[in-house]
Amino acid sequence: MAISDVKEYTHLTEDEVDQIGRELDALRAEIEESRGDADAAYINRIITIQRRLAVAGRITLFASRWKPAWIAGTAMLGVAKILENMEIGHNVMHGQWDWMNDPEIHSSTWEWDTAQPAEQWKHSHNYIHHQFTNVLGHDNDIGYGILRMAREQKWHPANLGQPVYNGLLATLFQWGVALHDLDLDAIRKREKDPKVLAKQLGQIKRKISRQIGKDYIFFPLLTAATGPANVVPTMTANMTANLARNVWAYAIIFCGHFPDGALHFTEEELEDETRAEWYLRQMLGSANFEGGKVLHVMSGQLGYQIEHHLFPDLPSNRYAQMSQRVRALTAKYDIPYTTGPLHRQYGQVLRTIMKLSLPNRFTSTDQHVQPGQDQQVARGRRSAAERPTRSTQTGGWSARSQS
């Protein structure tokens, strides 16, 4: 169901919405003022663990022709790649640790171990996705231009292949994300600035060359020092580690945005949206999942997706603490707080993908559709020029960096 007015949907008065905004602003200020040595020690410890795992995995793969060494090396390398992408790279590039003034752990300098260049990711994710969360036609993360994830999105016969596309997206996730900021729809319509496109393609080419060279040429050939028989097993180990990271990142991200209860919005919701209303949209458009501390660290704390969307540039190790206050706030104002076990959240996502591969007339919705909210929207996505100017809530990206 797509919502055009979150205040009307939640039956909140303007004063109540404003009070929610004030309470969340107060929570932000409290966390900002209390950041300190313990937080810095946390991220430095995670980076140290990740790098030691990566080194240990690489060293073990010098004996990769032996199956036990292949399994151990692949496992350590896979965990290291997941940690680097989820708890470190994603959160560092959000500016969560910029307050430390450490040039090595800063959103302006971090380049992560995946195919999409950091600069492009900070635009497509920090700016577009976090500003226009789940707004149809504006948020490119709704199905990544491949999957139909809302009943309001116009159905096309190509959507019948969604189960296959979904599997390919999970398997090749880093490569799909690498193309995400290009806006293929704008390219197809010849609306993309050729200079911007050339710059982006050059960045992607260099980054992909680096990733392929590192994982499938340099490190495999390096293990030949202990025997040529290690080269191919090391290549397959790197491929398996990347596959594990791809599938894990895909599942975590989809569980934060598409389970039952995570709402979509129409562009009318963006009209004159205040900061408090932006907060409200983030709470309604995101979903959490439950689990232990290790699961949350491995998922980049995105089991607290609601808190992440409210405060994307605050340290991830504080999300569990903030979630208690946010959940109490939603209970106070009778606002939905969508959460559940990871397996249930992904099960709901998978069901949605399957159902929406068919035209709406062949499926039913479990949610009430408000009058006037069942219209279909075009398949195309808004260009940067067509998106309204938004106040900066995240990161340090600006449109000037793309010109």
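Modeller: A residue is called buried if its relative accessible area is under 20%, exposed if that area is over 50%, and partly exposed in between. Please note that this is a predicted model.

Biologist: Why is Trp-97 called buried?

Modeller: The relative accessible area of Trp-97 is 0%. The limit is under 20%, so Trp-97 is buried.

Biologist: What makes Trp-99 partly exposed?

Modeller: Trp-99 has 24% relative accessibility. That value falls between 20% and 50%, so Trp-99 counts as partly exposed.

Biologist: How many aromatic pairs does the structure hold?

Modeller: There are 13 aromatic pairs. In one of them, Trp-97 and Trp-99 have ring centres 6.4 Å apart and planes at 40°.

Biologist: Why is the pair of Tyr-250 and Tyr-346 called edge-to-face?

Modeller: The ring centres of Tyr-250 and Tyr-346 are 6.0 Å apart, with the planes at 75°. The angle is over 60 degrees, so the pair is edge-to-face. This pair links distant parts of the chain, with Tyr-250 in helix 10 (residues 231-255) and Tyr-346 in helix 15 (residues 342-355), 96 residues apart.

Biologist: Are Tyr-250 and Tyr-346 buried or partly exposed?

Modeller: Tyr-250 has a relative accessible area of 2% and is therefore buried. Tyr-346, at 23%, is partly exposed. Both tyrosines belong to one aromatic cluster, together with Tyr-144, Phe-173, Phe-254 and Phe-258.

Biologist: What makes the charged end of Arg-58 sit over the ring of Phe-219?

Modeller: The charged end of Arg-58 is 3.8 Å from the ring centre of Phe-219. The criterion asks for a distance within 6 Å and a position within 35 degrees of the ring normal. Arg-65 likewise has its charged end over a ring, that of Trp-66, 4.6 Å from the centre.

Biologist: How do you know that the span of helix 3 is close to the expected one?

Modeller: Helix 3 (residues 37-60) has 24 residues and reaches 34 Å from its first C-alpha to its last, close to the 34 Å expected at 1.5 Å a residue. Its buried residues include Tyr-42, Ile-46, Gln-50 and Arg-58. Among the elements that cover the buried residues of helix 3 are helix 2 (14-34), helix 4 (67-93) and helix 9 (194-222).

Biologist: Which residues are closest to the centre of the largest cavity?

Modeller: The largest cavity has a volume of about 300 Å³. Of its 22 lining residues, Trp-112, Trp-121, Phe-173, Val-177 and Ile-253 are the closest to its centre. Helix 10 supplies the largest share of the lining, four residues.

Biologist: Why does Pro-117 count as buried?

Modeller: Pro-117, in the loop between helix 4 and helix 5, has 6% relative accessibility. This is under 20%, so Pro-117 counts as buried. Leaving aside neighbours within four places in sequence, Pro-117 is in contact with Glu-111, Gln-203, Ile-204 and Lys-207.

Biologist: Why is Asp-334 called exposed?

Modeller: Asp-334 has a relative accessible area of 68%. That is over 50%, so Asp-334 is exposed. Its place is the loop between helix 14 (319-332) and helix 15, and its phi is near 55°, a positive value in a residue other than glycine.

Technical notes: Residues numbered from 1 in each chain as written. Predicted model: local features only at pLDDT ≥ 70, side-chain atom pairs only at ≥ 80, totals over all residues. Heavy atoms only, no water. Phe/Tyr/Trp six-rings, centres within 6.5 Å; stacked < 30°, edge-to-face > 60°. Buried < 20%, exposed > 50% of the residue type's maximum accessible area, 1.4 Å probe, protein only. Helix = DSSP H or I, 4+ residues; strand = E, 2+ residues; numbered from the N terminus. Expected span 1.5 Å × (residues − 1). Contact = heavy atoms within 4.5 Å. 1 Å grid on protein atoms, 1.4 Å probe; cavity = no way out; pocket = protein on both sides within 12 Å on 5 of 7 lines; lining within 4 Å. Points joined across faces, edges and corners; volume = space filled by probe spheres on them.
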